[in-house]
Amino acid sequence: MFKNRNNRNILIFSIVLILGIIVMFTPFLPKYIEGPGDAINLKPIVNVDHHYDKNKGKFMLTTVRESKASPASYLYAKINPHYSIENIDDITNGENDQTYMKVQTFYMMNSINEAIYNAYHYANQKVTMKYNGIYVLNIDDKSKFKNKLSVGDTIISVDGHKFSSSYNFRKYINDKKIGQRVSIEFNHDGKLMNAKEPLINLMGSKHPGIGIILIDNDSVKPEIPIKINPGAVGGPSGGLMFSLQIYEQLTGKNIRHGESIAGTGTIDKNGNVGEIGGIDKKIIAAKNAGAKYFLAPYVKPTKDILKFEENNMSNYQSAVKTAKKYAPNMKVIPVTNFKDALNKLNNI
């Protein structure tokens, strides 16, 4: 009798243990967990033909690690100040995993193109940029083009008009009336297609629009060949650091002065550095990698800007606050554009 009872207890314990493991580690919660990622050395990632980085120090691209929440990771994020719990739609804009990754890959490739263009331009090397059209990042559920356009499509023209930038596209649409039908030519998976639908009232304004979130789709052609392999990293926030690594290789100048320098920030074709998400977590990633300096995007923190910022702090304010508490030996440097970054690096 005692033997049977022991066997039954062991069986019950085993079942409870297995169920506990399944419950704790199966990612089924409708949340995402964000935490510090890596600080990636860009030397082996950026390869400019016959221009090698032999200088001491390194530029590091910082990342945020995202994962679907399990009960275990959810509880861990609750007690760890470097982790946060995010709503899935806030991360993916309501898109499925495949579409979300498609957009993140485009963001990365676009940021690399902008980085190449800036680095070659400031290094006085020949480079050209071609505007291919407007890349569709997201489509409003109320858009009349919802079932015509897809995330990842590139708009080529509207009513037969082609544009040199998304700004000119917006200006053209803005001169139309809500409900007016427009004809769009777009590239869908390499195939040219057309759709004609009425404009809608854009949310929060009285302006007409197609109802999409968009970004310029540019391609770049440098005279000196270059290859960049970002691996599985996605998103637009590596632009600044890629541009500095490329510039160092092109010029041979040790603009790092032998230091380990991490950072983040988007960069546009005019060299302007833009803000990103999760900079507090990137500070921790930089600290863990031994960075001495951190380059952070800077915008003037006015009241109108701060009310839209994460935790009502600019990227630079959040980076300084996090570094002061968790990485007091790392200096955070504010950067507004590519030229400003070069000037700041010259003074470290």
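Aromatic rings of Phe, Tyr and Trp are taken as paired if their centres lie within 6.5 Å, and by this criterion the predicted model holds 7 aromatic pairs. In one of these, the ring centres of Y76 and Y83 are 5.2 Å apart with the planes at 75°, so the pair is edge-to-face, an arrangement for which the planes must be over 60 degrees apart. Both partners are partly exposed, Y76 at 42% relative accessibility and Y83 at 28%.

A tilted pair is formed by Y122 and F338, at 4.9 Å centre to centre and 40° between the planes; this pair links distant parts of the chain, with Y122 in helix α4 and F338 in helix α10, 216 residues apart. Y122 is partly exposed at 30% relative accessibility, whereas F338 is buried at 0%. Together with Y247, these two residues form one aromatic cluster.

The largest nonpolar core comprises 37 residues, and Y120, I228, F242, L244, I246 and L295 have the most contacts inside it. Elements that give two or more residues to this core include β3, α4, β12, α6, β16 and α10, with α6 giving the most, at 7 residues. Beyond its neighbours within four places in sequence, Y120 is in contact with residues including V48, V127, I226, I246 and L250. Apart from this core lies another, of 20 residues, among them I155, F163, L199 and I212.

Strand β1 (residues 31–41) pairs in the antiparallel sense with β4 (residues 84–87) over 4 bridges, and K31 has N87 as its bridge partner in β4. Strand β1 also runs antiparallel to β3 (residues 58–68), to which 8 bridges join it, with E34 standing opposite E66 in β3.

How values were computed: Residues are numbered from 1 along each chain as its sequence is written. This is a predicted model: local features need pLDDT of at least 70, side-chain atom pairs count only at pLDDT 80 or more; totals for chains, interfaces and linings use all residues. Side-chain values use heavy atoms; hydrogens and water are left out. Two strands pair if DSSP finds at least two bridges between them. A nonpolar core is a set of buried Ala, Val, Leu, Ile, Met, Phe, Trp, Tyr and Cys residues joined through side-chain atoms within 4.5 Å. Buried means under 20% relative accessible area, exposed over 50%, partly exposed in between (1.4 Å probe, protein chains only). Contact means heavy atoms within 4.5 Å. Rings of Phe, Tyr and Trp (its six-membered ring) pair if their centres lie within 6.5 Å; planes under 30 degrees apart count as stacked, over 60 as edge-to-face and the rest as tilted.
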